[in-house]
Amino acid sequence: MRRNWMLVCCLGVMACLVRSALAQEQERSDKGSAVVASAGPSTANSNASHDRRSPPALRSTASAERAQRIEGEKRFRTNCGRCHQPPHKFPSRVMATAIRHMRVRAMLTDEDMRLILSYMTQ
Amino acid sequence: MFETRATFENDLVQLPGRSGFHGGPVQKEVEYAQLDFIANSCVTITVGRFLTPFGIFNERLYPVWIRNLQSDPLILPIGIGPSNASTGGMIRGGFKARPQFNINYAVYFSALSTTSPVDSDRFAGVRTGIFIPKARLEMGGSFQHLLEQERSNLFGFHAIWQPTLLPLDIRGEYANSKRGSGYWIEPAYKLSQLPFLQNEMRRTQLVARYQQFFTGDLVSDALPPINTKQFEFGLNYYFIDGLKAASNYGRQFSSAGNLNVWTLGLTYRFVVPMGSAGGPR
């Protein structure tokens, strides 16, 4: 009888975890779309004004950052994607710890680790 | 860096003729409790208790939220020692050897420990792999010399391949020891290319695994006592990265009788920051 209650409790806890994870996921996707919707036009305007004022050096910095992000995403898919689904982007300090753990665990190269960390924290 | 993982496991079993579920004692296991010193970009020195780096399953796929099928391969106990872990020291790392490929390696020594839950065997070994990012292919081998009992050699090979054109993941491993040998191969296919119900299909994965085990000259408690074949088929659904529903059905064939293997599971992984963290070195 006691074991049955334990089983029911375990199932209840698991159901709560599933529900909270799904709610969190929903909240994140809602928040993300709201931010994109509200920031869209102003970002476009600021980019336009920024571009008008940007010297070529700033533009090349932006394109270098973009190239780095693309390379980071590529490295993530090639290395991390072998075992993980694309994860949420955690706060920088959590990500820095996780990537250091994965560097040891999955024997990532130094370059891969830096590019993936940069991509995951942008 | 200090990292650790421990497991507490209890099976609730419904016995024939008795109502309710009945369980035994809770099994406690320290899987790793290791101190890592990242010496430079190619070398990490580890001391303490660590997962034995033999083959691919124990090294990479052991966490339940990573593996595609929840059941362990039959050959898993080969080369990893009791409790899947070693107590001693290890040097490991990965580096870009050429622009086309990376090399990873681990060299380790484990001391004998009979203290539960940190028991381990006395052995020394090496594991190395080559990873070709463009082809998304990793291949490697492991070698271990047992420094107790029959003082024998163990070896194994492993490979993981993810074709760039298909959401397919093929993993395989072979291991050989005096106590037995065998292999497993596991393709997993994500249904993201199907043109209907795309939101659901991209989260759904079909998995199969075929494995065979052959007995050796010596017996082992952890390995099957007779030649065994097993086929498994599974279906996984990824709600999000950390939450996965897993199910699989398998059939085991051996001269002792055939049997079914069913697994249903739900894995949930969460991250709780416990303090501040620095940047990468």
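A residue is termed buried when 20 or more other C-beta atoms lie within 10 Å of its own, C-beta atoms being placed from the backbone. The legends below describe a predicted model.

Figure 1. Helix H3(A) covers residues 92-105. Its buried residues are Met95(A), Thr97(A), Ile99(A), Arg100(A), Arg103(A) and Val104(A). These buried residues pack within chain A against helix H4 (110-121). In chain B they pack against strand S4 (27-38) and strand S5 (44-51). The end C-alpha atoms of H3(A) are 19 Å apart, which agrees with the 20 Å that its 14 residues should span at 1.5 Å a residue. Just after the helix, Met107(A) adopts a positive phi of about 55°. For the complex, the predictor reports an ipTM of 0.74 and a pTM of 0.77.

**Figure 2. Confidence along chain A.** The mean pLDDT of chain A is 70, and 53% of its residues score at least 70. Among the elements of this chain, helix H1 (residues 2-53) has the lowest mean pLDDT, 54, whereas H4(A) has the highest, 87. Over residues 35-51 of chain A the pLDDT falls below 50, and beyond near neighbours in sequence this stretch makes zero contacts in the model. Where pLDDT is low, the predicted coordinates should not be read in detail.

**Figure 3. Overall form of chain B.** Chain B has a mean pLDDT of 87, with 97% of its residues reaching 70 or more. Its secondary structure consists of two helices and 16 strands. The radius of gyration of chain B is 20 Å, close to the 19 Å given by the globule rule for 281 residues, so the chain is as compact as a globular protein of that length. Along the principal axes, the C-alpha trace of chain B spans about 55 × 50 × 40 Å. Of the 281 residues of chain B, 32% count as buried. Among its contacts between residues at least 6 apart in sequence, 49% join residues at least 24 apart.

Figure 4. Strand S14 (residues 228-240) and strand S15 (residues 243-254) of chain B run antiparallel and are joined by 12 bridges. A hairpin connects S14(B) to S15(B) through two residues. Between these strands, Gly234(B) has Asn248(B) in S15(B) as its bridge partner. S15(B) also pairs in the antiparallel sense with strand S16 (residues 259-268) of chain B, over 10 bridges. Here the bridge partner of Ser247(B) is Leu264(B) in S16(B). Four residues lie between S15(B) and S16(B) in their hairpin, and Gly257(B) in the turn has a positive phi of about 125°.

**Figure 5. Two loop residues of chain B with positive phi.** Most residues other than glycine have a negative phi. Arg136(B), although not a glycine, has a positive phi of about 50°. Arg136(B) lies in the loop between strand S8 (123-132) and strand S9 (137-146) of chain B. With 18 other C-beta atoms within 10 Å, Arg136(B) is partly exposed. Gln149(B), also not a glycine, has a positive phi of about 50°. Gln149(B) is placed in the loop between S9 and strand S10 (153-161) of chain B. Gln149(B) counts as exposed, because it has 12 C-beta neighbours inside 10 Å.

**Figure 6. A buried arginine in a loop of chain B.** Arg67(B) occupies the loop between helix H1 (57-61) and strand S6 (85-98) of chain B. Arg67(B) is buried, because 22 other C-beta atoms lie within 10 Å. The C-alpha atoms of Arg67(B) and Phe57(B) are separated by 8.5 Å, the two residues being 10 residues apart along the chain.

**Figure 7. Nonpolar cores of the model.** The largest nonpolar core has 18 residues. Those with the most contacts inside it are Ile56(B), Phe57(B), Ile75(B), Leu76(B), Ile78(B) and Phe213(B). H1, S10 and strand S12 (180-190) of chain B are the elements that give two or more residues to this core. Apart from this core lies another, of 11 residues, among them Cys80(A), Met113(A), Leu115(A) and Ile116(A). In soluble globular proteins, nonpolar side chains tend to be buried together. Leaving aside neighbours within four places in sequence, Ile78(B) is in contact with Leu154(B), Ala175(B), Ser177(B) and Gly180(B).

Notes: Residues numbered from 1 in each chain as written. Chains lettered and ligands numbered in written order. Predicted model: local features only at pLDDT ≥ 70, side-chain atom pairs only at ≥ 80, totals over all residues. pLDDT = per-residue confidence, 0-100. Pairing = 2+ DSSP bridges. Rg over C-alpha atoms; globule rule 2.2 N^0.38 Å. Contact = placed C-beta atoms within 7 Å. Expected span 1.5 Å × (residues − 1). Core = buried A, V, L, I, M, F, W, Y, C linked by C-beta atoms within 7 Å.
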